[in-house]
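Let's take a walk through this one together, starting where the chains meet and ending out at a single residue.

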Amino acid sequence: MGNVSRLLADYGPAFGQALLLTWKLTAVSFVAGFMLGTVVTVLRLLPLRPLRFVLTVYVEIFRNIPSVALLIFIVFALPDLNVLIDYEPSVILTLALVCSAFTADYLRTGINTVAGGQAEAALSLGMRPIRVITAVVLPQALRAVVQPMTSLLIALMLSTSLASQVPYPGRELTALVAKIANDSAAGMSAFAVAAAMYLASGLLIAWAGAALEKKVRILR
Amino acid sequence: MSRALEDILFGAPNPKARAAARAMSVAVAAVLLVVAAGIVYQFHAAGQLDARLWKLFAWPTTWGFLAKGMFGTLASATTAAVIALVLGLVLLLGRLSRLRFARWPSVAVIEFLRGVPTLLLIYVCFLVLPSAGIKLSTYWMLTLPVGLSTAAVVAEVYRAGVLAVPRGQTDAARSLGLTEAQVFFFVVFPQALRYIVPALVAQLVIVVKDTTFGYVVTYGELMQNAKVLIANYHALVPVYLVVAVLYCLVNYAISRASKQLGRPMH
């Protein structure tokens with residue numbers, strides 16, 4: 001325990017900043033990825049073959065590519081194509097793209113839980129198809145995917161660790177542990193502190209997700 | 001089988017709606033083609049389509065090297081998967097145990113390994129353990145953390161399967177006089193496995209993705225070998241593109257296999 005308190009005396013503020021950066025990366029990329037994924041889901045419903053095909057390819061690519069391979073491509077290969085993105089936006093873009101593909105996948109499953117009769121009823125009331133999607137189907141689908149989206153958010157929070165793979169001046173938790181382990185012999189206690197922070201963040205998200213699920217779930 | 005939402009919403013269009021959809025499709029296709037052409041032009045303008053950058057893919061040695069990397073990836077992923085399947089079973093047994101001193105540590109280990117990034121575990125094996133006098137080969141520095149964090153997820157997948165087996169099966173097996181171990185291994189677990197095989201195969205995708213971190217410990221998997229190729233030939237964009245496509249293909253194949261297995265059996 002003495003090791004940990006000495007470590008916190010030396011690196012306490014650094015750990016606080018690292019935790020905040022981890023949270024920030026998680027939140028920003030989740031919001032962006034979630035919105036993008038919702039748009040993709042809706043667009044995939046439209047009766048436009050070329051669009052559906054391209055979006056299916058999009059979802060399969062970003063569901064299957066390892067995030068770190070995507071990040072390395074964005075950071076190191078895109079500059080050769082005259083596309084220069086700063087490190088932090090690169091990390092957020094990577095996570096958001098991956099998150100959007102999984103969101104699209106889960107939301108489609110959520111849409112399948114909405115009974116077809118509801119869409120038929122809405123159409124017979126004279127609603128346009130787009131309105132049926134946004135006013136009838138999507139709200140119920142969103143309420144059905146709280147649990148998988150919670151797991152996705154936790155996975156995304158853990159994935160922010162790949163920001164340590166680019167020479168990013170701000171350090172999130174994993175990069176900070178790697179630096180402390182490199183500079184000093186306090187690697188083990190640094191790992192313990194970072195692990196505790198990751199665990200606490202994960203439990204917090206799981207708890208919030210469960211509370212939301214309880215509030216919005218549809219009992220059938 | 002009820003109809004898919006798309007069919008209900010757009011299934012029986014009148015001629016006017018059909019013509020509008022067709023016109024829109026053509027317009028969208030045109031826009032997508034323009035975007036694709038723009039990307040190709042960007043490659044061309046940046047000089048990334050030059051033959052000298054791509055000629056290394058005409059050499060069998062390049063593909064041999066990439067195949068070696070792919071073999072490294074699959075070797076690590078397979079071992080990690082075996083670790084995960086076995087350790088996951090041990091953790092599950094602990095978690096389901098009625099003995100408190102077996103259950104609580106199992107829950108703690110599962111929650112810990114699930115809640116910490118795999119990359120952080122790799123850094124511990126890579127940077128922290130050597131200073132504590134534990135030296136692992138690069139293969140194990142990658143495979144062990146990946147296997148451990150997958151084991152925790154697999155334990156939870158197993159548990160979901162076991163809980164899905166109807167309670168009557170356990171009761172019936174017990175009333176036949178089977179011991180607890182026999183009930184679990186001969187009656188409950190085989191049935192649980194049938195429920196969760198798709199989820200287990202899908203987990204393999206995550207294992208393959210996690211082995212990408214092999215380059216962190218300089219283990220010769222696909223990503224590491226790609227970096228070596230780039231260092232030798234300075235063909236950054238082509239090599240990363242090809243490697244990304246290879247990863248996508250492998251994982252897509254695994255996902256498809258998982259979906260096939262997930263179909264109901266008749």
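How many residues of chain B are in contact with chain A? There are 44 of them, and they meet 46 residues of chain A; a contact here means two C-beta atoms, placed from the backbone, that lie within 7 Å. On the chain B side, helix H1 (5–10), helix H2 (15–45), H5, helix H6 (118–131), helix H9 (180–210) and helix H11 (236–262) each put in at least two residues. H11(B) gives the most, with 10 residues. By type, this side of chain B splits into 32 nonpolar, 9 polar and 3 charged residues, where Ala, Val, Leu, Ile, Met, Phe, Trp, Tyr, Cys and Pro count as nonpolar, Asp, Glu, Lys and Arg as charged, and the others, Gly among them, as polar.

Before going on, a word on what you're looking at. This is a predicted model: local features need pLDDT of at least 70, side-chain atom pairs count only at pLDDT 80 or more, and totals for chains, interfaces and linings use all residues. Residues are numbered from 1 along each chain as its sequence is written, while chains are lettered from A and ligands numbered from 1 in the order in which they are written. The predictor gives the complex an ipTM of 0.84 and a pTM of 0.86. Chain B averages a pLDDT (the predictor's confidence in each residue, from 0 to 100) of 85, and 97% of its residues score at least 70.

Now for chain A. You'll find 9 helices and 0 strands in it, with helices (H or I, at least four residues) and strands (E, at least two) taken as DSSP runs numbered from the N terminus. Its C-alpha atoms fill a box of roughly 70 × 45 × 20 Å along the principal axes. Of its 220 residues, 43% are buried; that takes 20 or more other C-beta atoms within 10 Å of a residue's own, while 12 or fewer makes it exposed and anything in between partly exposed, with C-beta atoms placed from the backbone. Among chain A contacts with a separation of 6 or more, 76% join residues 24 or more positions apart.

What about the inside? Setting aside residues up to four places away in sequence, Val177(A) touches Ala190(A), Phe191(A), Ala194(A), Leu120(B) and Tyr123(B).

Back to H5(B), residues 100–115. Its buried residues are Ser106(B), Ile110(B), Leu113(B) and Gly115(B), and their cover includes helix H9 (187–216) of chain A together with helix H4 (60–96) and helix H7 (138–164) of chain B.

Last stop: Gln260(B), in helix H11 of chain B. Gln260(B) counts as exposed because it has 10 C-beta neighbours inside 10 Å.
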